[in-house]
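Hi,

Here is the structure I promised to pass on. My notes on it follow below.

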Amino acid sequence: MMQLLARYATEAFIGLALAALVVLALVASVSVVPFIYAGF
Amino acid sequence: MIRTVKDVTAVLDRRAGGAGRSPLSLLRVGVWLVVGLFVAGFVVHAPRAPGSPQYQAHIKVPNVRDVTLDHNDPRGFMHVDQDPRYFRIAWIGASTLQNIAKHKHYTFVPADFRAAVPEIGGKPVRVDMYFVSGGRIQDMYNTVLAAIHGKPNLIVVDDNPLYAFNTLALQSWPSLNEASAPYELARPGSWPLLASFATPEDIALGLADRRLPALRERWSLAKQINDKLDNISPLKQPTQPTATTKPSALQQIQAESEALDFWLTYRPIDNPHDPVAKRQLALLHESQIDGGSVTDRIVAQLLGALAESRIPSYFYFSDVDPQALSNPEVNNALAGIENHMRQVAERHRAPTLTVQWQSLARLVPPVPFNDIVHIADDGPIVAYLARTICAQLARLNPTTTCSPSAGGSQ
């Protein structure tokens, strides 16, 4: 029983941590550098 | 005692209850990942997407707004609500929407149209301006798809004939690929365009961020974080010179924030001192009008999407400098582009769609130009558009009241 609980808790932790990392990586990859228009 | 990798695995298995050892366990991790992405959308709140304050400030007419977001923002455009109290017009165009008159009188054709036609069908007109400055034909198509999704009462597309079939300048707003990827996926004819322009990331995120706010709002979140980081950074943004006297060339270079600014000033791509006709002709000759080019597919998809939407739509070719048009070579090159547009348009006829394949230069009295493509007096153009668009709406529904107000147009 304890082993099952540990397994589920670990799976939830890994899943949620991955979600946080995905959000962080995607936020960090968006450029907010102002656009400089090079033509007309 | 831990000696090998197997020993480490055994310890982890004991402590983690064997998580990740079976496909079912990996599936549960995946489910938690998705749950986490949903929860993140509730935990982290992004401020509402900002519009374009630099352009909105120039719009003095009520009920006209620029809905285009930052050039890097993957959302592309502001969320457009479908308010039935208004007659909603989605007006799409690149920099040719601008009216850059002398004495700093800077307006937009859609705003002046709104002043000229304040009511249609008994409802006040609201114009959502999809202003994609520097936009090329693929950007126009992506924008049209976004506008159709907003379900307006009327769509107007301003396209520059210089770039409609120019195969050397196809796209300058790649951020729109993600925003329009789901709509392009729904149109099999657009799949070659998706394969050509969108990355796998654009398509995956375009599909995912429709349901996941944490991904959809990531540009605003990144901006929030960057603003905070900038405050603690020892590096500061250079301030623009505020002296009343004209800054020296060296001071101007010092005030530039990007190396690109320097090269655009001192190594311009084309010679701005060449006559307008020569520069115009060089651009027109970049068009491929013998059929089978990627621009043909984009234009066909664009017109097809407008026709299938059943939303009243008016597509027109913007004005061309009459000074350049007086050159027979420019005139012939433009006529070739116009005829090719007519041929493509004939394959996408619909009662709701009007394609004005001739440039406005052939239909309205000559207007002064500020530079190679931007008009400096949109009065005759607004008057013409008000007349023809109202006529189209009346043809579709004879009970629609739409008439230019006296004195509204300049």
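**What I found**

B:Asn63 is partly exposed, at 27% relative accessible area (buried is under 20%, exposed over 50%, partly exposed in between, with a 1.4 Å probe and protein chains only). Before the rest, some housekeeping: this is a predicted model, where local features need pLDDT of at least 70 and side-chain atom pairs count only at pLDDT 80 or more, while totals for chains, interfaces and linings use all residues. Residues are numbered from 1 along each chain as its sequence is written, chains are lettered from A and ligands numbered from 1 in the order written, and side-chain values use heavy atoms, leaving out hydrogens and water.

Back to B:Asn63: its phi is positive, about 60°, although it is not a glycine. B:Lys151 also isn't a glycine and has a positive phi of about 45°; at 53% relative accessibility, B:Lys151 counts as exposed. For context, most residues other than glycine have a negative phi.

Now the interface. 25 residues of chain A are in contact (heavy atoms within 4.5 Å) with 44 residues of chain B. There is one salt bridge between the two chains, meaning a side-chain nitrogen of Lys or Arg within 4 Å of a carboxyl oxygen of Asp or Glu. B:Arg28 and A:Glu11 form a salt bridge, their closest N and O atoms 2.7 Å apart.

Cheers
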